[in-house]
Amino acid sequence: MENVTASEGPSGTLMYRVERPVFNEGYVDSELLHRKKRTPKSCRRRITEHLRCSSEKAKSVALGFFPILTWLPSYPLKEYLFGDIVSGISTGVMQLPQGLAYAMLAAVPPVFGLYSSFYPVLLYTFFGTSRHISIGTFAVISLMIGGVAVREVPDSMFAVNGTNASQVVDFDARDARRVEVVVALTTLVGIIQFVLGLLRFGFLAIYLTEPLVRGFTTAAAVHVSVSQLKYLLGVPTARFNGPLSVVYSIEAVFRNIASTNVVTLIIGLVCTVFLYIIKDLNERFKNKLPIPIPGEIIVVIVSTGISYGMLMSENYGVDVVGKIPTGLLPPKIPDFSVFPNLLADAITISVVGFSIAISLAKIFALKHGYSVDGNQELMALGLCNFMSSFFHTFVVTASMSRSLVQESTGGHTEIAGLLASLLVLLVVVAIGFVFQPLPTTVLAAIIMVNLLGMFKQMKDIPVLWRTSKIELAIWLVSFFASVLLGLDYGLVVSMGFAILTVIYRTQCPKNALLGQIPDTGLYFDVDEYEEAEECSGIKIFQSNTSIYFANSDLYVSALKAKTGIDPAQLLTSRKSQLQYAKRDNGESKTINHGSSLKKHAVVLLDVELGVTHEVVNGLQKQMHVYSNGQTTENHIESESEDDFFLQRLTPIHSIILDFTPVNFIDSVGAKTIKSVIKEYATVDVKVVLAGCSRILLSDLRTLQFFCEPVTSDLVFPTIHDAVLHCKHRKDLPICPDIH
C-alpha cells in the first residue's frame, strides 16, 4: 500500500520518494495505527507503589536529598583539591568585605553579614547540586530585606527626644529589633522555598524570563547605588522605602549635600577608583593571572589600618563599622509573631532569590557539562535559609561576582565554597574585631564597584531592539517599574506584563495563506515566497497560535479576512440577487404575456475583490459554469429558484485549516471550529483540518468534537493529504465569474 524509498538522483542528490494512498484520520486511527494495550492501575495500587519502601528507593531518595553523596566518594584529590583550595581562599577573601557591605543594605549590623557568609555556605555544600555557584549575601536580596526591615522598624519607633528634626534615635534598640524582623523573614523565606521544592515547583523560575530578570537586577543596581550615596558622601539622611524611594533618596542627599564629610568622600572616591582599576586589570589579564588580584580585601585592610592609625572616627567624623563581637552567637528561636506582616515580602524574595541562583547554576552546569535539579536547588536554598536563620543570618542566594571568581580560579566542586565559609568562620571567631575601625564609605565603594556588571546589562537594550521588540518591552517595563515602584511592586508589575505579552502573542498571531512549491509536498506563505502557488479552488489557512476562549473569535475573523470568504455575506448577496431575479422575471411577464422568452439572473462574484451583482435579462443564452474549478460551456440558464441555488457562490470549494502550529484547543475553541465547518457548509465550501498532533486529536475526541456532521474523515495527517483529497471533490456548478 505504501512505498517509501530513498535513492540518489543523477546529480548525486538524495531523493525522497513516497507513494501511498491519501490518508485521513478516520483511516489512520482505525486501520493504520493500533494502540498498545495497557491495563490501567487502580488508585490504590498507584498509592501503594508510591509508598512502598525498598533499598533502591531509599538510596535514590538519600542521594537526591544529599547530592554530596553522589560525588564526594569519588572525589579526585590530585586533580581537584588544589584548584578547590585556591578557589575557596579567593572566594572567601572576596566574601568577607561583601558580607560586611551587604549587611548595611539589609539594615542590620555588619557582623550579621559575616554570619550569613558562613552558615548557609556550609549547608549548601551538603544539599546543593551546583558545583560552582557561591552562596551567600547578594546586593539585590539584601536591599529587598533592608526595605522590609526599615518599613517594619522605622527610626521613629526608637526616637528618644520626640519627633522633631533634631531627634535622637536609640540605634542599639533599633538594630536589635531589625535583626529580629530580618531573622523572622529569613525563616519564612526558607519555609516557603523548601515547601515549593517538595511540591516540585522548581519550574517557577521559567516565568521569570531572562529580559525580566536582567531588567529587574539592573533596576536593583540603581536602588543599591542610590542607597550608598549617603555613605559615600558621609551625608546623614533617612532611608526610604516603597514607590519613588529612589527619587526621595536622591532628593534627600542633594538637600543635605552641603553637609558632606570631605574626608569620607575622598576615602570613598580613592577606594572606588582603586577597585575599578583592579577589576579592570583582573578582567584584562584573567588568562594570565593564576588568581584574581584581591582588590577588595586589600582596600579593607589598608583603609582599616589608616582609619585606626589616624583615629578618623574621632578626629574627622568618619562613620565606621563599629563593634563587631568576637565569636558566634548562640541559636535563638525567631519571632513568629511578625510572620503575617512578612508573608508577601517573603514570597517575592523567595522567588527572586531562587531565580537568580538557578540561572547562575544552569549557566555553569551547561559550561562544564553536568546537570542541576531545580527542585533540589529550591529545597537546598530553603534549608540554607531556614536552618541558618536560627543562628542570626539573613536571606542568601548565589552571588554573580563571587560565582565567577570561584569558577575562574579553578573551583571544581562545592569544596571551594566550604573552604570559603571556613575562612569567614576564622575571621568571625578570631579577628573580627580588627575590622571595627573600617570606614563605611569603603564598604559603599565595594558595593558600587561590584554593581558595574549589572549596569553593563544596559547593553541589552540595542540588542533586543534588533532582535525582539516584545522582549525589549519586558526589559524596559521591568526596569522602570522596579526603579519607580520599588523592587517588590516592580517585580509584580513586571511578571504581570510578561504574562500580558504571552496573551498579546496569542491575540495577534501571524496569519498566512499557504501555497504549494511546485512538484513537492511543501507548502509556504504565498505572500513571502514567489515559488508558492495557491491550489485552484482551495485556500490553505495557517495561524501560528493555539485556539482557546481568548482568541477563538479572532481566529475566525482572520480566517474570513484572509480567505476573502464570509458565508453570511455570501448568503445575503444570494438572497438579494434572488429578489432581483424574481422582480425582473415578474416585470417581464407583465410586459410580454405568453412570451416564451426567459429572463434570468446571474450572480457576479469576485472573492478577492468583494461581492458585486447584476441582473441580466434576455433570451436563452450560453454561460460559463464552474465545476470543480473547471470551466464548461453550453449550460443553459435556469429560471427556477432551485436551479439558482444549485449554482456555487464562490470558485473556492475547499478550505484547509493547517493545525500544525496548534498546541492545544479548549472547549470554546473546539465549538468555534465546529461552527466554522457548519457555517461554510451552507455556502458549499468544505472545511478540513490538517497537521493535527496525536495529542491535539485526543483533546478533540475528549471535547466530543467528532460527531455529525463533523467526522474524523475531515482531518488529514498532512496538508498534502488534504489538498489531494480536496482536488478530487465533485462539486455543484458555480455562478460565472464575470469581469
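The legends below describe close-up views of a predicted model.

View 1. Helices α11 (245–255), α22 (469–485) and α23 (487–507) each supply at least two residues of the patch, and the largest share, three residues, comes from α22. Phe480 lies in helix α22, and with a relative accessible area of 46% Phe480 is partly exposed, because this class covers values between 20% and 50%.

**View 2. Two helices packed together.** Helix α24 (residues 552–563) packs with helix α27 (residues 667–681) at an angle of about 30 degrees, and their axes are 9 Å apart. Angles under 35 degrees count as roughly parallel, and α24 and α27 are therefore described as roughly parallel to each other. In passing α27, helix α24 makes a right-handed crossing.

**View 3. A positive phi at His392.** Most residues other than glycine have a negative phi. His392, although it is not a glycine, has a positive phi of about 70 degrees, and His392 is found in the loop between α16 (374–389) and β4 (397–399). With a relative accessible area of 11%, His392 is buried, since buried means under 20%.

**View 4. A positive phi at Gln704.** Gln704, a residue other than glycine, also has a positive phi, near 55 degrees, and lies in the loop between α28 (694–702) and β14 (715–716). Gln704 has a relative accessible area of 62% and is therefore exposed.

Key
Residues are numbered from 1 along each chain as its sequence is written. This is a predicted model: local features need pLDDT of at least 70, side-chain atom pairs count only at pLDDT 80 or more; totals for chains, interfaces and linings use all residues. Side-chain values use heavy atoms; hydrogens and water are left out. Helices (H or I, at least four residues) and strands (E, at least two) are DSSP runs, numbered from the N terminus. Buried means under 20% relative accessible area, exposed over 50%, partly exposed in between (1.4 Å probe, protein chains only). Axes are lines fitted to C-alpha atoms, for helices over the stretch in contact, and angles run from 0 to 180 degrees between N-to-C directions. Angles under 35 degrees count as roughly parallel, over 145 as roughly antiparallel, 65 to 115 as roughly perpendicular and the rest as oblique. A crossing is left-handed if the near helix is turned anticlockwise from the far one by less than a right angle, and right-handed if clockwise.
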